[in-house]
Every structure is written in C-alpha cells, then in structure tokens.
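Please consult the sequence and the structure shown here while reading.

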Amino acid sequence: MKRTGVHHLGLATLDIDRTVEFYTTKLGWEVAWADIIETAGEGKIKHVFLNTGDGSLVAFMCPEKVPGVPTEWATDINSAQGLPGAFYHFAFHCDDVNELEAKRAELTGKGVEVTPVVDHEWCRSIYFRDPNGLLLEYCATVRAFTEDDKVMRHHHQPGPMVTDPEDAKKVHKMLMGPQSTAKVNRTPV
C-alpha cells in the first residue's frame with residue numbers, strides 16, 4: 001500500500017539546542033537532517049528534522065535575528081490563542097497498551113513528567129510537555145472503529161479516564177490547566 005500519512009510536522013522553537021536534546025535523549029528520536037537557512041540580509045534560521053522512529057519527521061525552525069520575525073512568542077501555541085493546553089497537541093503512535101506503558105516508564109525514568117495512562121475507551125494515551133510547552137501524547141488504539149463511532153454525538157465513556165482522584169487531577173492539570181505566560185518553558189522537564 002502506498003504510504004499516505006504525514007511526512008513531517010513543522011514547528012518553531014526559541015531554543016533549538018534544548019529542543020533537539022529533549023527529543024533525542026528523552027524520546028530517543030534521531031536527527032535526520034539539520035541545516036542553517038541563510039536569509040536575505042541579516043539573520044539565519046536553524047532547521048532540524050527529527051525522525052520519530054518510523055520515518056515520520058518532526059521539524060523545528062529557530063530564527064535568529066531575522067528581520068520581521070519576532071524574537072519571542074508563545075512556543076506552546078495554545079496560550080497564544082487563549083486556549084486550554086489540550087487543544088493543539090501532537091500524538092505519536094504506540095502499537096498497543098504494553099508499548100504505551102513501557103514508553104511511560106521510559107519517559108518517567110528519564111525525568112519527564114508524564115500523566116498516568118488515560119482511558120479514552122477506543123484508545124489509551126499518556127501526555128507530557130516538551131521544553132517549548134507543546135503538549136505531546138503517545139497513543140495506542142485498542143479496538144476497531146465502528147459505524148456508530150462516526151456519528152457526531154456524546155459517546156459514552158467508561159467512567160473517569162483514570163480511576164485514582166490524584167491521577168485525575170494530574171491529567172486535568174496537564175490537559176486543561178492554565179498555561180504559563182512565559183514565552184518558552186525553561187524549567188527542567
């Protein structure tokens with residue numbers, strides 16, 4: 001079958017070195033391509049493509065002194081739009097719940113703050129943030145979609161997405177809590 005999925009997702013950062021360090025050391029992705037784009041006149045843009053592990057790529061651009069480009073902005077996307085933290089997010093594939101739980105243990109072991117596994121009925125997910133404040137997710141589909149799933153309506157979910165009340169607070173804070181007004185998250189992840 002011809003591959004038709006996403007080739008790459010393009011994002012921006014104010015700290016390319018910290019971003020690359022996070023994705024390579026915490027997520028285990030590899031740099032596939034890195035270059036410096038020279039602009040007409042002043043400034044440059046550092047540009048890196050990261051291989052997520054299956055050939056799909058996530059790219060980051062980091063402008064430096066480029067005329068007409070702001071020197072700071074909300075790199076998490078949501079806070080710039082006045083939205084809760086879950087609206088713009090990026091989910092990456094896990095084959096099954098066992099792989100998802102292993103990914104959670106791996107990230108936690110590397111010091112990343114990760115939610116418990118969240119039950120969405122048709123899939124399970126974990127959530128965490130990168131140094132730019134972007135909400136990231138690993139997700140495993142746990143059943144086939146049905147015709148009923150395609151109907152736009154409230155779908156019954158099996159109770160709370162997590163059963164422990166403290167875990168529920170952590171999930172709510174990660175997904176819907178107030179976002180930092182800082183332009184870039186410079187706290188350790």
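Y138 counts as buried, at 5% relative accessibility; buried means under 20% relative accessible area, exposed over 50% and partly exposed in between, with a 1.4 Å probe and protein chains only. The model is predicted: local features need pLDDT of at least 70, side-chain atom pairs count only at pLDDT 80 or more, and totals for chains, interfaces and linings use all residues. Residues are numbered from 1 along each chain as its sequence is written, and side-chain values use heavy atoms, with hydrogens and water left out.

A pair of aromatic rings is described by the distance of the centres and the angle of the planes. Rings of Phe, Tyr and Trp (its six-membered ring) pair if their centres lie within 6.5 Å; planes under 30 degrees apart count as stacked, over 60 as edge-to-face and the rest as tilted. The whole structure holds seven aromatic pairs, including these two tilted ones.

| Pair | Centre to centre | Angle between planes |
|---|---|---|
| Y23 and F60 | 5.3 Å | 45° |
| F92 and Y138 | 6.0 Å | 55° |

Y23 belongs to helix α1 (residues 16-26) and F60 to strand β4, 37 residues apart. Helices (H or I, at least four residues) and strands (E, at least two) are DSSP runs, numbered from the N terminus. Y23 is buried at a relative accessible area of 1%, and F60 is buried at 0%.

Because F92 lies in strand β5 and Y138 in strand β8 (residues 135-141), their pair ties together parts 46 residues apart in sequence. F92 is also buried, with a relative accessible area of 15%. One aromatic cluster is formed by F22, Y23, W29, F60, F92, F128 and Y138.
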